Structure formats: structure tokens, C-alpha cells
Amino acid sequence: MSANTFDGTAHTVLQVGTLNGTVELGQKARTVRIVPTVTSVYRDRVPELTTLSEWADQTSTGSPQIVNITGEPGVGKTTLALTWINANRERFGHAQIAMECGGALGHGRSIEEVCDSFFALKNVSHSAATVAAKVDLMRSLIDGEAVALLLDDVRSAAQVLPFLSGLPGLLVFITSRAPVPGLAEYRPRRLALAPLPDEAVRELFEEILGGERTRAEPAALARLVELCAGLPLLASHAAGLLHDDEDLRLADLADRMAEQGRLAAIEAGHDDTMARPSAVFEVVYRELDLPAARMYQAIGLHPVRDFDAGLVAALFAGQPAGAEGLDQLVRRGAVRKDRRGRYVMDDLTHEHAGLAADRDMDRDLRRAIRTRMDDYYLRAAVAADTARRWKLSPLYGQEAPFPLPELVRPRDVFSWFGENLSAIIACMERAGRVWEGAVPGYGWQMAEATNAYFTAVGRHDERATVLSLAERDADACQNPDAQARVQAQWGEMLLGQGKLDEAAERFRRSLQAAESGAESRGRGAALEWLGITERRRGDARAALDYFDRALPFLDPNRPRSRALLHMHRADAQSVLGDRPAALESYRKSTEVFRRLAAHGQRDETNEGKVLVGQAELLAETHPDQARLLFEEAIPLFHADGRDYQEAKVWEALGDLGTGDEAWRKALGLYEELQMGDAAERVRAKLR
């Protein structure tokens, strides 16, 4: 390991506050060390150091020069600045000053302290009684001198501005997670520090552990490099832990980091609190007020590191402190807002927040917060599930005990599900763990609520994960109605993938479970799906038989069910070539759907499908009528966010000879949906 050292000659060297990285600023004449230092491994960042040198060459030409080094926690911002200062100490013979600015609420805490320390070292007696007076006095003492000033972990421009006015020759380094606003008039240079490349992290392990040890476990070394994610903070501590414990295998440490979390896995190797890798995060955490600390801990309990404002409203319903705490975390840089308006924590910050919650939060409170998170995602998914079908979960129609996101447009619904899917799956996994207080029924209810989303957008891998968890949950609940619903959803997914035999088997399982349950509509649904599968197989007569068997189990109070059955019968009759019967069934279906629309219960997608079915039957004999039906279907699919169905209709209109514009619209939608084969098919038509 190499340390940042300063053993040259300078008039004044100060370090005030805990700095994240090695700080050994020494001098032959005199050294002042205000607080203990933290040692970390430094890796050469030649391009960044060269850039800093080029910028520093311009300092003597006029006003103070500001360099804002940004990057995620643990990436080495402070270490880079200190390494450059040490290597270039001859440029700043009067003073090198380093102070930590991680003050509460971003107002700073060390300006007066650094001034007092400077005066003491210079043997300056003064009568300055206020912070402003002390800053003015300090500025007068360094006016015209070459001075390097490091302001570490800056939260606001207020911590920087007192040092800027009228001091030519001053070079100010600022480290922060994001660019510090409010400094534009001083034209700060910005250096975004990226994580180290994998090769540099691998070399670090090899240098510290030796080639023989790393070559003995190449796969484990590769895993460690991946887990460290280019962050010197993690890599240096992991390598140091392995160096100090020669019996610790690289594979064992990699397993611990993957299972326990990276910070937690390497914390045990440090008895010195200041030497622990989490020390860089403790500085921020310990200065939070209670609402912000509670929010920080709560985010640490969230299964993934990004979340929406709805989660915060649910966790702290009716408590202004929740929003206040989040605002403080955003101001402090512990949480940021991305371009979608979602809140995000950096990986390591999220891990530390989880450690803080486990350490500082009562077990019952932790469980209550996790339960509220799980409940938020389930109830929000239920509220967002606008599919017009019968529902099994008792949560439908219930009022949530906390505010839920307002999702009005179909695209908003799809976006919410898509953005929160990782959290939803993680909550399902957690709800199924006995040792974490399993929640029976959570899995199958979530699968029911997400079914319409998956039907619309696909995402088969995630859907299979959701259904696997739901199937296990329904079996554990010994709920035949839930088992029937989950098996039907499995079948629906497989049918969409063209796996007809597997789909039929799932629908038969659904029928078997429904026959043991209390919900007769489950039997009707399974029979209807079996009929749809047989139609897809080409056995239209078998399909019609299943549809006839399903009829007695349809809910008489739900006319939509009969409209759908008429539609499916028409599809089967089309396969048989019985065009008059198919058109009659489509007519009956259309009548029901239009009555529903007149009563504010429009089913845009299925009404559109009925129109398309009729248009396809009429395309050869009555193309003008078919064109009108296709055109009537387009706004219905568009209103329901069904881009694929809309694209198919535009393509069909082009096939009817309405012009290339229809094909171009179809092509645009296929490309947007990343459906390469369909897009190429339309391109061929446009050639």
C-alpha cells in the first residue's frame, strides 16, 4: 500500500476534519495535525493528475481557480486531490490547507476552526470575534501567496464562497458527489472521477497479495474485481483484509461480500472505527437530524436502491418529517433524483444505510417498515391493475391506508410497473421467506395484479420469476382458487410464446384446481383458455366445445365475459371457414362492447380486436368496409397503449393499398418495440 505523504518544505500545513483517504501532510519545519487520518490505497490516475496540473498552471494568471472533483462515494475524490497537492507542494509554499465540510444541513462547520488553527500556527494575535472577521483576517494573511485549499465533501456554495474573493494565486479543490451549484460566476473546472477500470483493480490485488496467491484463484479474483465495481475504497479494504489474513481465501471473501453485502463483509476486519470502510458514510450519517436519519435507514431497508415519491408518501403518511428527511438527503447528496424523477442511492451508500438500519433501528420498527414497503407495492399494483376481468384478491375495491400514486393513462401504469418491477420481485421473494416473517397470499395477489402489465409488454423472464414465486405462495396457502388463477396465468404466458402443449397443460391444472375451489368463474376461465389454445392449434371444433362448456360458469352480472366468449367463438368459426357464423358472433360481441362503452365501461383493446376480426374476414370481398373497421380500431388500441396491435392494424391498412404512409407508421411502432422481424417484413413492403 502507498500513502499520501507530504515531507517537503512549506510554511503552513493544516488538516481540519476527518478526510476520506490518506492524509499525511508533514513538513520539516512544523506539522499540525488536528484530527486522526485515514489511510487508503492510491492507484495512479495519470490522466486526471495531468489535467489538474494543466489547470493549476493557470492559477497565477488572475483570480482564484476552483476545481470541483465529483464522483460517487469511495471512488477516490479526496485521495486524488491530496495526492496532487503532495506531489505539487512546491507550487504552494505558503500553505496547504485541507478541511472537511460535511456540515449539518450544508451550512458548514469548519470555517472558523480552520481560521483559528491557522492563526495559532502563525502566532497571529487578533481581536476578530466573528466568523466573517476571522475569514477576512485569514484572507489578508494569505493575500498574494500561493495557497492550495482542499474543501472536502462540500454540500453547498456557502462553504466555498468565503474563500474566493480577491485572492489571486489560490487554488481551491472541492470534492462532492455532484457538481456544487451556486459557483457559476467563478467558472469552476469540473473533473468527474469515474470508477477504476477492472484491470487497475486487478493490479491492485496482485500488488498487495502477490501474483502467486491471485493466480491460485483466478475465478475468485475476477469475482472480487466485479464486486469492487472500480471503487478504490472497496478494493483497498478487501485487499487489505486478505493481506492481513493469509488463511482467508479469495473465494470465501467474494462469497461473503455477495451474501452479506460488500461493506458488511469487510467491516469485521477493522477494529479501528476510523479505519472501517463505512467511515466515509458515517460522516454524513451521523450529522443527519432525526427525520433524515430515519429516512436514510428506511431506504436502507428497501430491497433495491431506487424508489419513487409514492413510497415515501406511503412510509410516512401524514408525517411532514418524511418529505423533510428526504429533502435533506437530497441536499446532502446521499440521494439523487434521476431524469425520470425517481430517487436513487449509490450502491455503497445503500449498503451502508442498510447496516445503519440493522444497527440503530429497533427490530419491530424494521419489520414494520418492511411490511409497509411490501404493502405499498401490492396495493399500488392492485390500484394500477385496470384489467376488466373478475378479481380474486380481496384488496380490489379496498381503500389503502396511505396515499397511492395517481396513474391515469395506460402508459403511466406501464411505466410505474416497469420502473418498480425489481422492487416488486424483491418484495415477493422477501414475503416468501419464513425467517423474515412470511406473508401468505402476498405472492399470488401480486401475480394477479401484474398480469395485465405482463400481457401487454411481455418481459417473459421477469414474468416467469413472478409466477414461480406466486405458484409457491398459492400452494403454501392451500388456496385452490389462487392455484387456479396462477396456473391460468402460466398458461396465458406460454400461449403468448407459442408453446401450445405447455400452455394446455397449465390450463388443465387450472381447471383441476378450480374444480376444488369456491370460485366457479375459475372453471369458466380455464375452459375458455383451453378453447383458445385448441383454436390456436387449429382444432376449431374442440375449441367451440370448450367454449360451450365454459358458458354456464360465466358471471351473469358481467356482460363483458359473454362479449369475450362471442369473440372467441367467432375466431374459431373463422378457422372452420364458417364466415357467416363468425360475422354473426363478432356482431354479438360488438353489441355488448358498445353497450359497455355507453355506460363508461369501455374495453378498448378487446373492442378493437373484434373490429380487426371482422375486417380480416371482409378484406377480400369488401375492402372498403374492412378499411373502415381497421381505422376504427386504431384509436382504441392507441388509447389503451397497445402499440403492437396498433402496428399490426397499420400494416394491414397498408396491405389493403391505402398507401405507404400506413406501412411507415407500422414500421415506426415495430422499431420502437424492437421487433426486428416484423420491422424487416414491413421494410420489404416499402422497397
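Buried, in this talk, means under 20% relative accessible area, exposed means over 50%, and partly exposed lies in between, using a 1.4 Å probe and protein chains only. The model is predicted, so local features need pLDDT of at least 70 and side-chain atom pairs count only at pLDDT 80 or more, while totals for chains, interfaces and linings use all residues. Residues are numbered from 1 along each chain as its sequence is written, and side-chain values use heavy atoms, with hydrogens and water left out.

I start with two helices. Helices here are DSSP runs of H or I with at least four residues, strands are runs of E with at least two, and both are numbered from the N terminus.

Helix α23 covers residues 540-550, and its buried residues are Ala540, Ala543, Leu544, Tyr546, Phe547 and Ala550. Down the helix axis these fall within an arc of 160°, so they line one face of α23. The arc is taken from the directions from the helix axis to the C-beta atoms. The cover over these buried residues includes α22 (520-537) and α24 (559-576); contact means heavy atoms within 4.5 Å.

In α14, the buried residues are Gly322, Gly325, Leu326, Gln328, Leu329 and Arg332. The buried residues of α14 also fall within an arc of 160°, so they line one face of that helix. What about its length? Helix α14 has 13 residues, 320-332, which at 1.5 Å a residue should span 18 Å, and its end C-alpha atoms are 19 Å apart, which agrees. The expected span is 1.5 Å times one less than the number of residues. Just after α14, Gly333 has a positive phi of about 85°.

Next, the cores. A nonpolar core is a set of buried Ala, Val, Leu, Ile, Met, Phe, Trp, Tyr and Cys residues joined through side-chain atoms within 4.5 Å. The largest one has 139 residues, and Phe173, Phe205, Tyr296 and Tyr377 have the most contacts inside it. Helix α17 (residues 410-431) gives the largest share of this core, eleven residues. At least three core residues come from each of domain 1 (32-192) and domain 2 (198-278), the bounds being from an automatic or database domain assignment. The model is predicted: local features need pLDDT of at least 70 and side-chain atom pairs count only at pLDDT 80 or more, while totals for chains, interfaces and linings use all residues. Residues are numbered from 1 along each chain as its sequence is written, and side-chain values use heavy atoms, with hydrogens and water left out.

I start with two helices. Helices here are DSSP runs of H or I with at least four residues, strands are runs of E with at least two, and both are numbered from the N terminus.

Helix α23 covers residues 540-550, and its buried residues include Ala540, Ala543, Leu544, Tyr546, Phe547 and Ala550. Down the helix axis the buried residues fall within an arc of 160°, so they line one face of α23. The arc is that of the directions from the helix axis to the C-beta atoms. The cover over these buried residues includes α22 (520-537) and α24 (559-576); contact means heavy atoms within 4.5 Å.

In α14, Gly322, Gly325, Leu326, Gln328, Leu329 and Arg332 are buried. Down the axis of α14 its buried residues fall within an arc of 160°, so they line one face of the helix. Helix α14 has 13 residues, 320-332, which at 1.5 Å a residue should span 18 Å, and its end C-alpha atoms are 19 Å apart, which agrees. The expected span is 1.5 Å times one less than the number of residues. Just after α14, Gly333 has a positive phi of about 85°.

Next, the cores. A nonpolar core is a set of buried Ala, Val, Leu, Ile, Met, Phe, Trp, Tyr and Cys residues joined through side-chain atoms within 4.5 Å. The largest has 139 residues, and Phe173, Phe205, Tyr296 and Tyr377 have the most contacts inside it. Helix α17 (residues 410-431) gives the largest share of this core, eleven residues. The core draws at least three residues from each of domain 1 (32-192) and domain 2 (198-278), the bounds being from an automatic or database domain assignment. A second, separate core of 25 residues includes Ala626, Leu629, Val649 and Ala678.

Now the charged pairs. A salt bridge is a side-chain nitrogen of Lys or Arg within 4 Å of a carboxyl oxygen of Asp or Glu, and the structure holds 38 of them. In one, Arg342 meets Glu419 at 3.8 Å, N to O. Arg342 lies in the loop between β10 (336-337) and β11 (343-344) and Glu419 in helix α17, so the pair ties together parts that are 77 residues apart in sequence. Arg342 is buried at 2% relative accessible area, whereas Glu419 is partly exposed at 29%. Arg521 and Glu519 also form a salt bridge, at 2.8 Å, and Glu519 is buried at 17%.

Last, Lys134, in helix α4 (residues 131-142). Is Lys134 buried or exposed? Lys134 is buried, with a relative accessible area of 9%. Leaving aside neighbours within four places in sequence, its contacts include Glu112, Asp116 and Phe119. Lys134 and Asp116 are 18 residues apart in sequence and 7.9 Å apart in space, C-alpha to C-alpha.
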